[in-house]
Amino acid sequence: MATFGAAAVATNQNPNKSIEVSQPPNDSVSSLCFSPKANILVATSWDNQVRCWEISHSGTGVASVPKASISHDHPVQCST
């Protein structure tokens, strides 16, 4: 257990093996959805956008390629 005010030691900077997508939303994400048939990720957000990326694996690396973006008049709440 760490003592308050003591320096914390980070043992694993990315325990979930998270990645960042290229060209992410400018505001909070409201919904995420992966395609069950392709390597496609769709995100809706409070910046009135729906974005779509193709996710690819290369060896141990993961990459995202922006494929589409649709603008709406209001924030988009759901991607399913």
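**Chat about a four-strand sheet**

Biologist: Is Gln23 buried or exposed?
Modeller: Gln23 counts as exposed, because its relative accessibility is 57%. The cut-offs are over 50% for exposed, under 20% for buried, and partly exposed in between, with a 1.4 Å probe and protein chains only.

Biologist: Where is Gln23, and what is its phi?
Modeller: Gln23 sits in the segment before β1. Its phi is near 55°, a positive value in a residue other than glycine. Most residues other than glycine have a negative phi.

Biologist: What should I know about the model itself?
Modeller: This is a predicted model, in which local features need pLDDT of at least 70 and side-chain atom pairs count only at pLDDT 80 or more, while totals for chains, interfaces and linings use all residues. Residues are numbered from 1 along each chain as its sequence is written, and side-chain values use heavy atoms, with hydrogens and water left out.

Biologist: How many helices and strands?
Modeller: Zero helices and four strands, in the pattern β-β-β-β along the sequence. Both are DSSP runs numbered from the N terminus: helices are H or I with at least four residues, strands are E with at least two.

Biologist: What order do the strands take in the sheet?
Modeller: The sheet is open, with the order β1-β2-β3-β4 and antiparallel pairing. Two strands pair if DSSP finds at least two bridges between them. The edge strands, each pairing on one side only, are β1 (29–34) and β4 (61–71). From one strand to the next, the twist averages 20°; axes are lines fitted to C-alpha atoms, and angles run from 0 to 180 degrees between N-to-C directions.

Biologist: What joins β1 to β2?
Modeller: A hairpin does, through five residues. The two strands run antiparallel and are joined by five bridges. Cys33 stands opposite Val42 in β2.

Biologist: And how many bridges join β2 to β3?
Modeller: Five bridges join β2 (residues 40–45) to β3 (residues 49–58), also antiparallel. Leu41 has Trp53 in β3 as its bridge partner. In the loop between these strands is Asn48, with a positive phi near 70°.

Biologist: Switching topic: what percentage of the residues is buried?
Modeller: Buried residues are 22% of the 80 in the protein. The protein exposes about 6,300 Å², and carbon and sulfur atoms supply 54% of that. Accessible areas come from the Shrake-Rupley method with a 1.4 Å probe; for residues, only the protein chains shown count as cover.

Biologist: What about contacts between residues at least 24 apart?
Modeller: They make up 35% of the contacts between residues at least 6 apart in sequence, where contact means heavy atoms within 4.5 Å.
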